[in-house]
Structure formats: C-alpha cells, structure tokens
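I opened this model to look at one helix and at the domain boundary beside it. My notes are below.

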Amino acid sequence: MLDIQIKNQFINILGKDRYLDRIEELACYAYDAFVVEALPDAVLFPETTAEVSELLKIASRYKIPVTGRGAGTSLCGASIPIRQGVVLCFSKMDKIIEVNTRDRYIIVQPGVVNADIQKALLPFRFFYPPDPASMNTSTIGGNIAMNAGGPRCLKYGVTVDYVLGMEVVLASGDIVRFGSRNVKDVTGYRLSSLFCGSEGTMGITTEAILKVVPLPEATRTLMVTFDNLDNTAKSVTDIIGSGIIPVAMELMDKLTLNAIEDSANLGLDRNAQGSLLIEIDGVKEACEKEMNKVIEKVRQNGAIHIQEARSDIERENLWTARRSAYGVFAKLAPDIVTEDVTVPVSQVPLMIRQIIEITDKYGLKVGVLAHAGDGNMHPMIPADKEDKAEWEKVKSAFSEIFQAAAELGGTLSGEHGIGLAKAQFLPLVMNKDSIDFMKKIKRVIDPDLILNPGKFV
Amino acid sequence: MIPKPLQNCGKCGLCLNVCPVYKILKQEQTSPRGKLQLIKAYDHNTLASSDLLKDIVSKCLMCGSCTASCPSGIDHYSEFMEMRKKMADVQGETLAIKSLIYLLGREYRLKFGSGLARTGQKFVPDKVAKTIKLGNIPLKNFPKLNSTPFRNANDEIILPYKKQIGTVLYFTGCATNYLYEDTGFAFIEILKHIGYKIIIPKDQTCCSIPLLFHGASDKALKNIITNINALTNNEADAIVVDCSTCGEALKNEYPRIMENQEQGSVEAIKIASKVIDSLSFIDQHFDLLEFDPNVTDKISVTYHAPCHTRNSFGSNTLAEKLLSKLAFVNYKQASDVNECCGGGGTFFYEYPEVSKKMVDKKIKNAKAVQASLWITDCPVCRMNLSGNLDLDDKLKVIHPLTLIHSALKQI
C-alpha cells in the first residue's frame, strides 16, 4: 500500500476512477503472459502526456517503482511489477491522433491497439508492417517498448524500423521529443533505437509517429511439405540465398502439424516431417516470377506436396492453421512455455536438430515452430507448472537451448524480449563490459532506477 | 477440494479485444482473463469474498466471445456461471434479481407476474411511463406484453399447410411467450408453409439461463428437468428455437449440467443434438420457401448479430447470407454488425452506464447505413436496441422471422 499522502497526490492528478488499489483490482495487474506474478501497490491510468509527466515527478520524488503496461501480453514478464510500486497502464490513452498516408505516417498514443492501426489504415490501402501474434490485443506502447516483431517482419523489418519520431517522458518527468514526420531525418542521435526495445527501463512513450507503407498489389501463399526436417530448413536458406525475401516463411515440424490436424482437421499432410508456409507479395508480375523460383527451390529440396492458396479463404485457412499452433499446444498440458531464440538463417537446420535432441534428453514434448526466414525459433514445450520435477526439466532444457543458440552465433530473443525470463542468460551473448555499458546508460537517464526495476538492466 | 481444470489460462490476453465490457472500461479486472485470475484466487482461498468481487464477476454480458476465441480452450462461460453462484450464495442478491429468479423459477408465477405487469402497463399514465427508466430504457419503450401468453394462444399441435415433411418441437422461450408473440406467429406460419407439423409442448418453461447467470442453480435444475421431459419426443426431427440464448442452453448447458445428475445426460444429449436456431433451420429449407411475387419493393435492412447466435451457433454470417438472398431486401451491413449491443440478459439494467456506451455506438453505426429495418434474432437485443431508439424513430427492430414471413406467398 502506498502512503496515503502519495496516494492523494496521484488521485489529485487522475481522479478516483483512474486510480486502483483494492486487492481485487491489483490482483489483475500482477501478471502478463509470462509465468511470474507480483502485486503492484496501485494502478494508474493516465490519459495525457502532462498527466504522465506529473505522475513520474511524484514517483521520482518518493522513489516509487514504475512499471509501464499496455495490454499485458508480454511473454517475458516485462510488464510485471516485480518490485511493486505503481503500474502505469496506458489502456485509456488510446487515441489515433493523425492518419497521413500522403506523407506516409500515423501518429498515435501508446494505448492504441496494433490491430486498430491496421483498421485505420485499411481504407487508404496502407498498413503498418510489424505484426506480433498478439496484435489484436497488444498496444503500440508495448510494441515499441519491446521492439516487437512478427511473421512478416522477415521482409518488412521490426518495430524500430517504423518509428519515425517519439515523445517520451523520462523518470524525472521531463518530456522529450525526437525524430519527426520525415522518413529521412539525421538531426541528432537516433534516439528511437535507445527507447525502442528498452522494455520500459529508459522512459515512457506517450506518443509515436510511425511509418506506414502501401498494401502490396498481390499476395501469393504456399504450403509446402517435406519428408525430412533438414530439407525443410535447407529450403529456407536456399530461397533466401537465391535473392528472394518472402514476407514470411513459417516452419512447422511433424508434431505441430499433427497437433493442428487433430484439432482443426484442415487436411494437412500428417506424414510430413516438416512444412513451410511461404508468402510473397509485391507487384503481380514480380510475384509470379518469385513464386516460380520458390517452387523450384523447394522441389530441389525434395518437397513432397506443394499447395497454393487459390482464394483469400484458402489463404486465411493456411494462416489459421499456422496461428492455431500455439493454442493447440497449449491444450496438451496445463501450461506451455515458448521461447524465441534466434540464429543466423544458415544455422536453422542445426538449431532445430539441437532443440529436438535437448528436449528428447529430458523426455519432454516439443513442437518446433519458427519464423524460419529470419532464424527466429519458437520451440513450444507443454508442461505442468505444478509438477515440480517436470518444471525443473523444462527450465534446464531451455537453459541448454539458449546455450546452443549462443554457440551457433545466435541470440537469446528475436522478438519477445528479455524481461524477467532471460535476464540471467544475458552473459551468454554479451560480455561484462557490454552489460556494464547498458547499466551506465540506464543510470544517466534514470538515476533512481525507478523505471521497471528488477528487469534485465 | 478444488477440481483442477485441465487447462490453465495462459494469460495470452487474446480475450481482451473480444470482450465488449473490457473494450468500454479498459481495465483488466473487467476482462475475462482478469476474472479468471480472481476466480482462481478465490478458489485457492487467497482472496476473500467481497461486494467488489461480486460486482466484478457480475459485470459480464455472458456473451461467450472469450470462450469462442480462447486458444487454450478455457470454458469461461461455465467458470463464470459457477463463480456467480458462489457469489450469490455468499454475498446475496439484490431484491430486483431475487424477484426475477422467483418469477422464472415457476411457470405459473411467470404467467401471473406477466398478467399483473400487463395490467400495470395499462394503468401507468403516459407521462409517468416516459420518466420511469429501467436501466437506460424508458418504461414507455418497453414492448407491450402479449395479451395472452403465446403458448396459450396456440394449439399444442399444429398441422402444416401442405404435405407434411416432418415434425418439429418449438421451444418458444419466455420472450416469445410473454413479449414478442409476433416472432412466434411468424415462425409458425413459416413452418406450416414449409410443411412441418409443429408441436409446442405445453409443459416447457424458462430455459434457465437467467437463473444460471444469477447463481440460482437449484431452481435452474428443476426447470431443466421439466424442459427435458417436455422435449423428449421421438417423433420430432428437430427442436427449433427463435432465441439463440435458449438455444445455447439446450445445446450446451443442459448436457453439461445433467452429466452430474442422477438422471444422467442421455436425454439431454439427444435433445441437444436436435436443437437448431431459426435462421439455420430456414437456411436448410430455403428452397421450399415460396415468396409472394407481388412483393417487389426493396426494403433496406441491416442486421445485429446477437452474441449467442455468433458464439453458440455461428449462424450470424448465415443471417447475412439469407438477407442477401432475399429478393425484396437491400441488405446493408453495419460496420459493427458483430459487436455486442450491451443487452446481455439483465446487464442493461444492472450496468446502465456501460450498456449505454455500447448501445449508442450500435445505433450510430446502424443509422449510418440508412436502413429502415434492423433485424436481430435475440429478444434481449431487440428490447435493448428498440428501447434505446425513439418510439417514432424511422428505424424499426424486428426478428428476421417476421421479415421473412411478411414476404411469403399465401397458401
């Protein structure tokens, strides 16, 4: 519980309706999509930049931890208030300020849901490329804090590639603005790279200018199956090596395919050892040419079945199959853990083999999914958290998977972030000097360490 | 002992964007994910019962959209229903809800109550009726009660106009029985037109959904058994409903509830397999409908998809398909056709401030397409939508059956 005086200061700014501190309410802000929970002392709902600034001034004065939150969909515990204090929730600061497709940008408040940005752009035949699986729920503030990615980021790039400008409130309450509405802008440091992906440890985004792009003229979608997982993975490197960058190349292994087929009955090939969902887009003629090349490459790698979506409905069905993978696995056990180690594309076949070897060793079930085109792996392990012995095995297996990825020149996280989940593994991919350097930057910007404390920095 | 659910909520948050209440209030405790968290804490004795807890759990339309979209396959619907019962037991119910439960628990009380209310409706001066509100809805905007309950106004067995092609049992629900007889008469005419013998079992009663939502599961069980007995009939090819909430109860809740009863769920399952909503039934027999060639004027129509039509029968797109097939209809889709209207059984009465925001948005978007008829196949949605329109509004809300019946050829 916060001191009554501090509480009153917060309420003076927000009013009673936007300040929560009863246990029934706090209990709902103790979690996100990660497995750890911690109760905050209060939850605050600012609606303007000025309010955020005032709130942070108070938090700074009394050294109260501040954890930002959008929709609470973080997979690494980034929005969990592990050191208590206040949760700054942006769900009510959710206005789209300007849509300007002529100048190719959109200006939004942090609480705007990713999918609502897409909806606002659709009438203009534009879109905002980053597409995390949580896009129907997750907010742009959270997307920026986590530098979110998604399947189509293979071709289009991740969140930081689309942030043209930002307004950020620092721990002190200072309001800083950088970047602009211009696609080209080399005025000053490119600070968006510092804040984007900082997981709420550097400052609080209160407004963002995002770059948007026209919808492609044509989209082609292909489902290919193989009788060998190595060939599946090798097709990925061959396609990219041939100079084609598809929108997405999603890999699923046999276990995943069968689990989907068990529940959805979509007519997937149950005997296939691996499959690729490949999508390309662009000008119609270019798509045609690229499609032929893709088919040639998968044939060379022994594809046994190639199916192209002939309509939007067929295309949607293929993507539904892919998207249902997580849910299908989630039903296999009371809990499910998924990580997102990432390796250079050429190492994808090796990484998959190692994931399977490691989980086999511990007697765990694993489904291998990957945004294979950018080496972003999603091993999913269904397990029961209450079963202590099994849970320890899961932890050990992931620890070894991280180690293996590091040895292949990979990294801990491609798109979920570090948060609470992977903080202890940072030394696998960063040396001491580098970690210290991040800490030094953190101390300059947030000297009292009130912003999202207890996380990776 | 706490029965351990097979699945844990993975807290992915995909239920947030489909929850009509969360979308308005934007606070996690109002979301399905938040409610599950609280239920778990309460069941594990780490959270005590309180008025606030009961309020949070009740602030839900029971629309089922969370269940329909949950990747982990969690049955929020049943979880919420059980929690509502626990809260009603521990915290008690308001007088208004208690009275409702009392009425719905026995058919004769319901009949008596509606008779009284009808007399009341006649005697309340217009001036007063304009100022009294139930939730957001002025008393004068409530539908007039049927002069005779629909089931009393009809024979128990009705024969078709042409050669009989089958037999249906008609589960009318309370709304058609006491409020919206126009829906019932239209449905009977359509069924006769197609060639069905109709049985309207006299002993049927409230489907129990309102009782279950308000934690009165003992009273609900009595109704359920009464209905199972009334609907057990080997002659029937189908059991038709004009209210998708009643349909949801017969289809999903009855087998689930009866599974734990001595009587067992054999009959309930048999009934469930025969239950079909009116729109799906008409779609299956569309080729047998003969339309009046003299009805040539096109009427512009928009549709509101009730949550239970969408989540329990998936026939919301069917409704749109049907409307598009009708030659005399110019179908205009509203941008939020699949959004909840905020009716939700008694939700509009219990949480008028939340409900108002939802219904206002629905009305704005329906008006934007400039339709003259607003079609919806749920009586609560109909009451809520029409109740929030002005009485002399050009936009009128009716059941799709009434629309279809109006264009049929006389036989």
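These entries go from the helix to the domains.

Entry 1, the helix. I am working with a predicted model. I looked up α3 of chain A, which runs over residues 49-62 and has 14 residues. From first C-alpha to last, α3(A) reaches 20 Å, close to the 20 Å expected at 1.5 Å a residue.

Which residues of α3(A) are buried? I found A:Glu51, A:Val52, A:Leu55, A:Leu56 and A:Ala59. I then looked down the axis of α3(A): the buried residues fall within an arc of 130°, so they line one face of the helix. An α-helix has 3.6 residues a turn, so residues three or four places apart point the same way.

I checked what lies over the buried residues of α3(A). The cover includes α1 (4-14), β2 (42-44) and β3 (66-69) of chain A. It also includes β4 (86-89), β8 (163-169) and β10 (204-211) of chain A.

Just after α3(A), I noted a positive phi of about 55° at A:Lys63.

Chain A is divided into domain 1 (4-89), domain 2 (96-214) and domain 3 (218-407). The centres of domains 1 and 2 of chain A, taken over C-alpha atoms, are 22 Å apart. I find 15 residues of domain 1 in contact with 21 residues of domain 2.

Which element gives the most to the side of domain 1 of chain A that touches domain 2? That is α3(A), with 7 residues. The elements giving two or more residues to this side are α3 and β3 of chain A. I sorted the residues of this side into 5 nonpolar, 8 polar and 2 charged.

Methods: Residues numbered from 1 in each chain as written. Chains lettered and ligands numbered in written order. Predicted model: local features only at pLDDT ≥ 70, side-chain atom pairs only at ≥ 80, totals over all residues. Helix = DSSP H or I, 4+ residues; strand = E, 2+ residues; numbered from the N terminus. Expected span 1.5 Å × (residues − 1). Buried ≥ 20, exposed ≤ 12 C-beta atoms within 10 Å, placed from the backbone. Arc of directions from axis to C-beta. Contact = placed C-beta atoms within 7 Å. Domains from an automatic or database assignment. Nonpolar A, V, L, I, M, F, W, Y, C, P; charged D, E, K, R; others polar.
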